[in-house]
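Trainee: Could you help me learn to read the structure below? I would like to take it one feature at a time.

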Amino acid sequence: MTAKCVVEMTVNEKRYSGLVEPRVSLADFLRDHLGLTGTHLGCEQGICGSCTILLNGETVRSCLLFAVQAHGATIVTIEGLAAKAKSGDSLHPIQQGFLETLGFQCGFCTPGFLMTIYEFLDENPSPSEDEIRERLSGNLCRCTGYQNIVAAVLWAAEHLRAK
Amino acid sequence: MPLLNLRLTRPKILVDLNGVSGLDHIRETSEGLAIGAMARQSRVERSSIVQERCPLLAEAIRHIGHLAIRHRGTIGGSLVHADPAAELPAVALAFDAQFVVSGDGMVRAIRAEEFFIDYLTTALRPDEILREIVFPVLQLSSGYAVEEIARRHGDFAVAGVVAIVHLGGDGRIADLRIALFGVAPTPVRARVVEQTLIGQQPNDELIRAAAALLSDMLDPPGDIRASSAYRKRAAAVLTVRALTRAVQLCHTRRLS
């Protein structure tokens, strides 16, 4: 048994600290220690994109980091996305877009998609369909066939531009 | 991390280099562009010095995984992992980049030619780390291209090619480097093709004939993604595409 380490981080604008073994992944820390189970674990090898979160403003796979590597970091998970909406609505326009266009079915992959799209639309507010498909190629969805997810991004981009 | 998560490797001790400072620089030196082993791929890809001095590197990095992977992935990590289907080892080989490694107070430089030994195996000793990689700066009269075939954008490449062409004042090929990836246990230089084309005035017919020589040189592995025969054919087709684009780029870069 390895000695535990103190880990402190800001998640969704709240300070957290915990005591973890160095082997614990950031995804497991968020889910099991902080109770933030919106971050989903699919493949645990960086392929599926379900566990995507924002670490210091950049998308990362939380299954590919140890919690101790995020010591001192600022993190946004799916639970903190709605608070990023400027309007104060209960859903972020990207989330609303998924609802409007039926961009999800089982919802397992959705949190990872939403975080990826958040970073994407921040960089590129008016993406083409091709650009959307290319950027989303790192997130796997086994239900929707992707068409409605692309539609959701277009919906969200339009509504974000209007604000 | 995937190797750990899949329990393919079970190290007793793991040392995280993220806490070590002085390993993530990107700077121009007299020998070329020196990039620290821990420089993030997404930062190198967007760096203005890299785009200006070694745009081939930025182009190659865009083929690596996805942005969320490149935000954490490092230049050194890709090179030391030495996956035969990876882009950066082939870029390093095409440039014959220098690998600066150190261990136990000793610093040594290894040429890319000698760095990649076998599948996932490099000349790095167990007590050494990679500190930086020095890529020669691309001359303005050089053209370059990275071409690869993957099932989807960001997937492991089935096969790929990195080409660097230098045209002389007479329009003949003065220097040519071609490195293939995904077709052997390590990236490989396509010397037969290089030797055939150096000194020639490049045209479509010559390029196609030279690339056809690859079929005798290569014996690629077959696996779940593609058969050996497919990889062989893909390597030749990609070489034609890369050379054609690199030669065109020579002309546009020279005019600009």
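Trainee: Which residue stands opposite A:Leu55 in S5(A)?

Mentor: The general idea is that strands of a sheet pair through backbone hydrogen bonds, either parallel or antiparallel. Here A:Leu55 has A:Ile75 of S5(A) opposite to it. Strand S3 (residues 52-55) and strand S5 (residues 74-76) of chain A run antiparallel and are joined by 2 bridges. Two strands count as paired if DSSP finds at least two bridges between them. Strands (E, at least two residues) and helices (H or I, at least four) are DSSP runs, numbered from the N terminus.

Trainee: How should I read the numbers and letters, and what kind of model is this?

Mentor: Residues are numbered from 1 along each chain as its sequence is written, while chains are lettered from A and ligands numbered from 1 in the order in which they are written. The model is predicted, so local features need pLDDT of at least 70 and side-chain atom pairs count only at pLDDT 80 or more, whereas totals for chains, interfaces and linings use all residues.

Trainee: What is the strand order of the open sheet in chain A?

Mentor: The 5 strands follow the order S2-S1-S5-S3-S4, with mixed pairing. Strand S2 (14-20) and strand S4 (58-61) of chain A are at the edges with a single partner strand each, so one side of each has no neighbour in the sheet. On average, neighbouring strands of this sheet are turned by 40 degrees against each other, direction ignored.

Trainee: Which helix packs on the sheet?

Mentor: Helix H3 (residues 110-123) of chain A does, touching S3 and S4 of chain A, and its direction makes about 40 degrees with that of S3(A). Two residues are in contact if their C-beta atoms, placed from the backbone, lie within 7 Å.

Trainee: At what angle do helix H2 of chain A and H3(A) cross?

Mentor: Helix H2 (residues 93-100) of chain A crosses H3(A) at roughly 130 degrees, and their axes come within 10 Å. The two helices are therefore oblique to each other: angles under 35 degrees count as roughly parallel, over 145 as roughly antiparallel, 65 to 115 as roughly perpendicular and the rest as oblique. From H2(A), the contact is made by A:Ile94, A:Gln95 and A:Phe98, and from H3(A) by A:Thr110, A:Leu114, A:Ile117 and A:Tyr118. By class these are 5 nonpolar, 2 polar and no charged residues. Ala, Val, Leu, Ile, Met, Phe, Trp, Tyr, Cys and Pro count as nonpolar, Asp, Glu, Lys and Arg as charged, and the others, Gly among them, as polar.

Trainee: How do helices H10 and H12 of chain B pack?

Mentor: Helix H10 (residues 204-212) and helix H12 (residues 228-255) of chain B pack at an angle of about 145 degrees, with axes 9 Å apart. Among the residues that meet are B:Ile207 in H10(B) and B:Leu243 in H12(B). Their contact has 6 nonpolar, 2 polar and 1 charged residues.

Trainee: How is chain B divided into domains?

Mentor: Domain 1 covers 22-135 and domain 2 covers 142-255; such bounds come from an automatic or database domain assignment. Their C-alpha centres lie 21 Å apart. The contact takes 19 residues from domain 1 of chain B and 20 residues from domain 2 of chain B. On the domain 1 side, H7(B) gives the most, with 6 residues.

Trainee: And how many residues does each chain give to the contact of chain B with chain A?

Mentor: Chain B gives 16 residues and chain A gives 17 residues. H5(B) supplies the largest share of the chain B side, 3 residues.

Definitions and conventions:
Axes are lines fitted to C-alpha atoms, for helices over the stretch in contact, and angles run from 0 to 180 degrees between N-to-C directions.
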